[in-house]
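Biologist: Could you take a close look at one part of this protein with me? I would like the setting first and then the detail.

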Amino acid sequence: DFAGNMLDYLGTADLTAEQYKTQLYYLAAEAWTYVGENDIEMGVYGLQETLADALQLLENQLLTAKPDEAILKELIKDNIKSHNDAKSEQRACFSRLMEYGRFGAAAVQQRTMTPALMNQLNAEGVLANLRALLPAVERVEYFGPLSEKEVKEMLQSSRILAKADAS
């Protein structure tokens, strides 16, 4: 979870975070990365004419983002505050109780990072773990006017997605 959130504030080896966002703006594109408990999702939205460039920009960020400890520490602080705030919300407590009933105590403990564990994270390690997952991308979904063959051709130049199934 921290990796996807941290990328929102990081640039690349060649661009600051602000320059990265400006490049996406010029391409009329939006790029995002979501890291869940069991999967990673990446998305690029925009014009067909600039899709390949936007995808390349996202890949460049994923592969060359510079770790920033200050950003990670701020995200950890926000996460701990959110976790503590949720303890006083009835809906959040009920949701945790349902998880406990459904999966058991051990499963809940395995899926929950304690503040002590969060504070042990470092930015380089978080990005390294994210990058380790990238070769496991299995599928690419495309919605637009390009044919499946054209999408596969576009993905062949991708350093991350060339081996994924395009549908």
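What share of the 167 residues of the protein counts as buried? And after that, what stands out about Ala28 in the loop between helix H2 and strand E1?

Modeller: Happy to! Please keep in mind that this is a predicted model. Of the 167 residues, 34% count as buried. The accessible surface comes to about 11000 Å², and carbon and sulfur atoms account for 52% of that area. Along its principal axes, the C-alpha trace spans about 50 × 35 × 25 Å. The protein has 9 helices and 4 strands, and read along the sequence they follow the pattern α-α-β-β-α-α-α-α-α-α-β-α-β. Among contacts between residues at least 6 apart in sequence, 70% join residues at least 24 apart.

Now to your loop. Ala28 is found between helix H2, residues 17–26, and strand E1, residues 29–35. Its phi is near 55 degrees, a positive value in a residue other than glycine. Most residues other than glycine have a negative phi.

Together with Leu97, Met98 and Tyr100, Phe94 forms a nonpolar patch on the surface, with about 440 Å² of accessible area for the four together. Finally, on charges: the protein has 16 positive and 25 negative ones, and their mean positions are 6 Å apart.

Methods
Residues numbered from 1 in each chain as written. Predicted model: local features only at pLDDT ≥ 70, side-chain atom pairs only at ≥ 80, totals over all residues. Heavy atoms only, no water. Patch = residues over 30% accessible without salt bridge, like charges linked within 9 Å, V, L, I, M, F, W, Y side chains within 5 Å. Areas by Shrake-Rupley, 256 points an atom, 1.4 Å probe, with all protein chains shown as cover. Salt bridge = Lys/Arg side-chain N within 4 Å of Asp/Glu carboxyl O. Helix = DSSP H or I, 4+ residues; strand = E, 2+ residues; numbered from the N terminus. Buried < 20%, exposed > 50% of the residue type's maximum accessible area, 1.4 Å probe, protein only. Contact = heavy atoms within 4.5 Å. Lys, Arg positive; Asp, Glu negative; His and termini not counted. Charge placed at Lys NZ, Arg CZ, Asp CG, Glu CD.
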